[in-house]
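Hi everyone, thanks for coming.

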Amino acid sequence: MGYSHYFTYNPNKIKDTEELRKRFRQAVCWIDKAHKLIKKNPYIHEGQAGGYYDDIPCKIKGGLGEGTPIINESEIWFNGDTKIGMDHETFGIKWYPEKGESRDFCKTARKPYDVLVCVALLAMNEAFKGTGAFTFSSDGDNSDWQTAKDVFTSITGSYIEQIFPEELEVA
């Protein structure tokens, strides 16, 4: 086991192809903005996922931990930087998976690129809100996600108080 995030994406829930494309492009736009913020501030991940790697810069690379990440209207595919040992498992979502639905996970081991993985999950969740096309869960809790929530809010203006409502205290 390890620190992982789990997600299901089923674009078949949206019958209108243009609507599907529009929603996927919106998520990609937010993810791309987050990636640009990370490039400008490679320590933006401070506190993310328990703050295990706060002193190591966040460098987003292609899915194999090197090269350029793919963040476009067809696919999202990235990892951390293998040169500094900060890659782990690839995060990837295609706008329309081969079988029409994908159930996947990404084990980040709390490495710096976890912040972009979490922002990507928040972006997909927000873009597909109300459609049933995207769901996610995490080994992390709301405090592990605070930095990603802050980045997402700075990009979208949408404030996210609780990602995992089961953590709300019962009075």
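Let's start with helix H2, which is mostly covered: 12 of its 14 residues are buried, meaning under 20% relative accessible area with a 1.4 Å probe, protein chains only. Among the buried ones are Asp-114, Cys-118 and Ala-127.

Quick housekeeping. This is a predicted model, where local features need pLDDT of at least 70 and side-chain atom pairs count only at pLDDT 80 or more, while totals for chains, interfaces and linings use all residues. Residues are numbered from 1 along each chain as its sequence is written, and side-chain values use heavy atoms, leaving out hydrogens and water. Helices (H or I, at least four residues) and strands (E, at least two) are DSSP runs numbered from the N terminus.

So who packs against H2? Helix H1, residues 17-40, does, at an angle of about 155 degrees with the axes 8 Å apart. Axes here are lines fitted to C-alpha atoms, for helices over the stretch in contact, and angles run from 0 to 180 degrees between N-to-C directions. That makes H1 roughly antiparallel to H2, since the term covers angles over 145 degrees. As for who touches whom (heavy atoms within 4.5 Å), the H1 side includes Phe-24 and Trp-30, and the H2 side includes Leu-116 and Met-124.

Now the sheet. Three strands form an open sheet, ordered S5-S1-S6, with antiparallel pairing; pairing takes at least two DSSP bridges. The edges are S5 (102-107) and S6 (134-138), each pairing on one side only. Five bridges join S1, residues 4-9, to S6, and Phe-7 sits opposite Phe-136 in S6.

Notes. Buried < 20%, exposed > 50% of the residue type's maximum accessible area, 1.4 Å probe, protein only. Parallel < 35°, antiparallel > 145°, perpendicular 65-115°, else oblique.
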